[in-house]
Amino acid sequence: MKKSFFIILLLAVNWSTIAQYHSLDMPQISPKVTESQRLGITDITVNYSSPKVNGRDVWQTVVPQNGDPIPWRIGANMNTTIAFSTDVLIEGQALKAGSYGLHAIPTKEDWTILFASNDNMWGSYYLDTDKDVTIKVEVSPVENEHSEQLDFEFKNRTDSSLSVAIEWEKLSIPFTVSVDLNKTVIESFRYQLKGITTYAWEAWDAAAQWCLNHNTNLEEALAWSNRSIEGGYGGYAANTNFTNLSTKSSILWALGKKTEADEIMSKALPMMNNVQNDYWVGKKLSDQGRNELSLKFFNQMIEKFPDTWYVYLGATRAEYINGNIKKALKNLGKTKDMAPSNYGEYLNGIEQKIKNGETI
């Protein structure tokens with residue numbers, strides 16, 4: 001096997017010597033491919049040259065086994081590279097943000113995937129597995145549908161993890177990439193909020209809302225919410241409005257500062273001006289168990305947006321939660337009169353639940 005690999009190397013060198021005398025852009029036997037995927041706010045990019053099976057027994061005649069005589073570049077031509085825009089975990093092992101040469105040592109059972117600090121090699125011929133490799137992970141290949149061309153696929157994505165699968169011939173070799181989502185997102189917010197977005201109240205509010213929705217970093221989220229409301233140095237770009245006040249109220253509630261939270265929300269109520277967005281704030285009040293405030297909220301919505309049918313639906317829920325059955329049914333009647341006809345069955349179901357004393 002060693003002899004055949006050195007012949008391949010010699011042919012590659014001879015071809016590159018010939019090719020250097022012109023710069024024509026020509027089709028390649030193993031074309032370059034770039035695959036990218038975002039995980040949370042982490043960009044993952046794989047660059048490789050994709051060979052074909054072309055009738056060969058690739059695992060016996062093309063890909064070196066057991067690292068003999070060298071690891072496999074996982075592709076053709078230059079070494080395959082994988083880059084991460086933030087720190088990640090590979091099969092649970094920490095790996096810093098950056099670009100890495102990606103190599104493999106296949107065996108009959110498990111494979112070793114190598115992440116090399118040197119990402120600019122021709123193949124794997126000069127890879128020093130002791131000095132160049134940052135981390136190595138053990139993974140298991142699985143049978144797969146035939147893939148004529150070597151390919152990388154991103155699979156099984158969640159909010160904080162995914163599988164990167166090397167697929168060729170009838171094998172798939174996946175490894176797991178995961179991130180500390182809260183840590184990477186919050187660090188990114190801190191960086192971004194020092195830039196031009198520092199003058200946008202929406203950016204500070206969006207960062208605060210993200211933390212609230214993920215129940216993380218709430219004290220700093222409260223500071224960001226205050227910045228959205230009060231502005232920066234000397235009050236520059238201050239903007240007190242319904243959206244950021246309701247965000248602040250919800251953060252205070254999550255922090256257990258319930259009296260202050262209700263005071264802020266009461267201050268926000270007269271400022272509501274977007275029926276679609278503001279409706280969900282009222283629903284969230286109900287979800288938080290702030291029943292009296294939710295009722296006050298929807299009654300003010302009715303005054304401000306009397307021609308919007310789902311405002312009466314919100315008031316129906318609020319009255320029912322507060323034990324006002326007759327008022328709930330009255331509001332539901334208004335809802336049924338105004339709602340599009342395709343909501344009829346849904347609203348009839350709510351009416352039946354109210355009469356049965358069920359949760360709506």
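**Ground rules.** I number residues from 1 along each chain as its sequence is written, and my side-chain values use heavy atoms, with hydrogens and water left out. Because the model is predicted, local features need pLDDT of at least 70 and side-chain atom pairs count only at pLDDT 80 or more, while totals for chains, interfaces and linings use all residues.

**Confidence.** I began with pLDDT, the predictor's confidence in each residue, from 0 to 100. The protein chain averages 93, and 94% of the residues score at least 70. Over residues 3–17 the pLDDT is below 50, and this stretch has 7 contacts in the model beyond near neighbours in sequence; a contact means heavy atoms within 4.5 Å. Where pLDDT is low, the predicted coordinates should not be read in detail.

**Helix pair.** Helices (H or I, at least four residues) and strands (E, at least two) are DSSP runs, numbered from the N terminus. I looked up α7 (residues 258–268) and α9 (residues 291–304): they pack at about 5 degrees, with axes 11 Å apart. Axes are lines fitted to C-alpha atoms, for helices over the stretch in contact, and angles run from 0 to 180 degrees between N-to-C directions. The two helices are therefore roughly parallel (angles under 35 degrees). On the α7 side I found D262, M265 and S266, which meet L293, K296 and F297 of α9.

**Helix α10.** This helix (residues 309–321) has 13 residues and reaches 19 Å from its first C-alpha to its last, close to the 18 Å expected at 1.5 Å a residue; the expected span is 1.5 Å times one less than the number of residues. I then checked covering: 12 of the 13 residues are buried (under 20% relative accessible area, 1.4 Å probe, protein chains only). Among them are W309, Y312, R317 and E319. The buried residues pack against α8 (275–287), α9, α11 (325–338) and α12 (344–356). Just after α10, G323 takes a positive phi of about 85 degrees.

Most residues other than glycine have a negative phi, and most peptide bonds are trans. What joins D68 and P69? I found a cis peptide bond there, with omega about 5 degrees. P69 is in the loop between α2 (58–61) and β3 (80–84). E91 has a positive phi near 50 degrees and sits in the loop between β4 (88–90) and β5 (93–95). E169 also has a positive phi, near 50 degrees, but E169 is in strand β10 (residues 161–178).

Note on methods:
Parallel < 35°, antiparallel > 145°, perpendicular 65-115°, else oblique. Buried < 20%, exposed > 50% of the residue type's maximum accessible area, 1.4 Å probe, protein only.
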